[in-house]
Amino acid sequence: MPEIKFYKKDNIPMEMHKVKIVQQLTLLPTKDRLVKIREAGYNTFKLHNGDIFMDMLTDSGVNAMSDNMQSAMLRADDAYAGSETFYRMNKKLTELFGIEYFLPAHQGRACENILAMRFVKRDSYAVMNYHFTTAKAHITRLGGLVEELVKEEGLVSKSDLPFKGDIDLVRLENFIKEKGRENISFLRIEAGTNLIGGQPISYENMRQATNIAKKYNIVTVLDASLLQDNLYFIKTREESMKDKSIKEILRMISDLFDIIYFSGRKFGFARGGGILVRDEEMFHSMEDLVPMFEGFLTYGGMSVKEMEAMTVGFDESIEFDVISQGPQFIKYAVDELDKYGVPMITPGGGLGAHIDAKEFLNHIPQEEYPAGALACAMYICGGIRGMERGTLSEERNRDGSERLASMELLRLAFPRRVFTLSQTEYVIDRVKWLYDHRDLVGGLRFIHEPKTLRFFTGILEPIGDWPERLAKAYIEEFGLDQ
Ligand code: F0G
């Protein structure tokens, strides 16, 4: 949206929607939160939603639906095979992306599973700007390797670079030459990097990177799960694109890729996913995997109601007024916290506000999972649930050694159209309080460490009694009932 101008005060981000249905929230007293986080094994994934005040874990499947999305659900056509809902969805995707062939899947990681099974061979490299947890897990499960070639500046916390998700083009070409194209499964571009602060990638960089891949006959894959934020940033930050409509930008991006997959829990604001495939033969080479692992080819494991909502959601995902709200609220939170001296990933990106936990808790060694500890501390101090995006979210190296994340982040996600500015102010206030009391926070260690995607199901314990001491200080500040 164009920034709404205020007469008497500085401009603030504005909601371009009104609230029609609400969900009541509860704020448990601090001493109860202390019990809940212990019961959750000091893993915020294991908290019950009813025990949370501000759920900023993710935007996945929790973006607010519009009235138009909800009403579209009523016309869902239930059929095992040949559902009209599927054809409507496929038609909309073809209209937006200009790609005819579509494989539905139950969510983004299911697409990653299909792509990995089709393209990954033992010791082959999937080359990308940066990995996402589930994308990497599917590749490594099949013996493949991940090569991350994001530009060095992308991993610097404080920056004013507009496109920190850009891939290093020189390293990309050198890597292909060094390993040989036959050892590369595909080039994967994540539009809106998840694990390094929701930082976008420029159109120009995508164009050049895909050109290099094409020169060597390497398949190009776009992970479009976070594309709506990235579209906003291309329009507002990339000079040569500012006069293009979001729809035009989307189409220009799409034209660069052989394959585009997405999580419909993010792109489309509902729950589901799918893979668009440009080439008919390539499409047929993956087709059989859908009925085998997902569901028949006209629903792919999705509810047809969700598919109808998503079809409307795709149009909303390219509406400037809709997609600007997330980045504007995130920028507001990041800038306010930055003013307070809290180490943030700057500039604010998409998806959420990201705190540099390595810096915030620089007294905790990375082996003791500072971002995980910060996530627990944030829940104790305010009932705010964020997501660890650091070493806990990494997989161990093949030899079993700990792989320290290049960025150790706590993500406070901003699901679209969900939180108000006063709720955002509350979060900023509690993060600042915690920052001023950061010395009270200690590390974590595993009691139960799963082999794959350990951050989802792992059980941890605090090193020392820091949660109790932190809760005591918090109660002294805010009283027993907060
Ligand atoms: N790719 C990206 C960039 C993602 O952010 C996600 C999910 C996926 C793929 C997988 O999609 O969840 O539908 O299976 N990200 C969620 C998050 C989980 O919280 O960031 P999925």
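Me: Which residues in α8 meet which residues in α9?

Reply: L231, I234 and K235 in α8 meet I246, I249 and L250 in α9. By class, that contact has 5 nonpolar, no polar and 1 charged residues. Contact means that the C-beta atoms, placed from the backbone, lie within 7 Å. Nonpolar covers Ala, Val, Leu, Ile, Met, Phe, Trp, Tyr, Cys and Pro; charged covers Asp, Glu, Lys and Arg; the others, Gly among them, are polar.

Me: What kind of model is this, and what pLDDT do local features need?

Reply: This is a predicted model, where local features need pLDDT of at least 70 and side-chain atom pairs count only at pLDDT 80 or more, while totals for chains, interfaces and linings use all residues. Residues are numbered from 1 along each chain as its sequence is written.

Me: What makes α8 and α9 roughly perpendicular to each other?

Reply: The axes of α8 (residues 227-237) and α9 (residues 246-254) cross at roughly 110° and come within 10 Å. Axes are lines fitted to C-alpha atoms, for helices over the stretch in contact, and angles run from 0 to 180 degrees between N-to-C directions. Under 35 degrees counts as roughly parallel, over 145 as roughly antiparallel, 65 to 115 as roughly perpendicular, and the rest as oblique. Therefore α8 and α9 are roughly perpendicular. The helices themselves are DSSP runs (H or I, at least four residues), as are strands (E, at least two), numbered from the N terminus.

Me: Why are α6 and α7 called roughly parallel?

Reply: Helix α6 (residues 169-179) and helix α7 (residues 203-215) cross at roughly 10°, with axes that come within 10 Å. That makes the pair roughly parallel. Their crossing is right-handed. In that case the near helix is turned clockwise from the far one by less than a right angle; anticlockwise is left-handed. L169, L172 and E173 in α6 meet Q208, A209 and I212 in α7. These residues divide into 4 nonpolar, 1 polar and 1 charged.

Me: How do you know that α3 and α12 are roughly parallel too?

Reply: α3 (residues 84-97) packs on α12 (residues 304-316) at an angle of about 25°, with the axes 9 Å apart. The pair is therefore roughly parallel. The crossing of α3 and α12 is left-handed. From α3 come T85, F86, R88, M89, K92, L93 and L96; from α12 come V304, M307, E308, M310, T311 and F314. That contact divides into 8 nonpolar, 2 polar and 3 charged residues.

Me: What makes β2 and β4 edge strands?

Reply: They belong to an open sheet of 7 strands, in the order β2-β8-β7-β6-β5-β3-β4, with mixed pairing. β2 (101-105) and β4 (145-148) each pair on one side only. Two strands pair if DSSP finds at least two bridges between them. The twist averages 20° from one strand to the next. Helix α10 (residues 280-287) packs on the sheet, touching β2 and β8, and its direction makes about 25° with that of β2.

Me: How do you know that β2 joins β8?

Reply: 5 bridges join β2 to β8 (residues 273-277), and the two run antiparallel. L103 stands opposite I275 in β8.

Me: Why do β9 and β11 stand at the edges?

Reply: Their open sheet has 3 strands in the order β9-β12-β11, with antiparallel pairing. β9 (352-356) and β11 (387-389) have a single partner strand each, so one side of each is left without a neighbour in the sheet. Here the twist averages 30° from one strand to the next. β9 pairs with β12 (residues 409-413) over 5 bridges. G352 stands opposite A413 in β12.

Me: How many residues surround the ligand, and which are the closest?

Reply: 16 residues surround the ligand, and the closest are T58, Q107, G108, R109 and S263. A residue counts as near if its C-beta atom, placed from the backbone, lies within 6 Å. α4 (108-119) and α5 (133-141) each supply at least two residues of this shell. By class, the shell has 3 nonpolar, 9 polar and 4 charged residues.

Me: What do T346 and N217 have in their backbone?

Reply: Most residues other than glycine have a negative phi, and most peptide bonds are trans. A cis peptide bond joins T346 and P347, with omega of about -5°. P347 lies in the loop between α14 (325-339) and β9. N217 has a positive phi, near 60°. N217 lies in the loop between α7 and β6 (220-223).

Notes
Contact = placed C-beta atoms within 7 Å.
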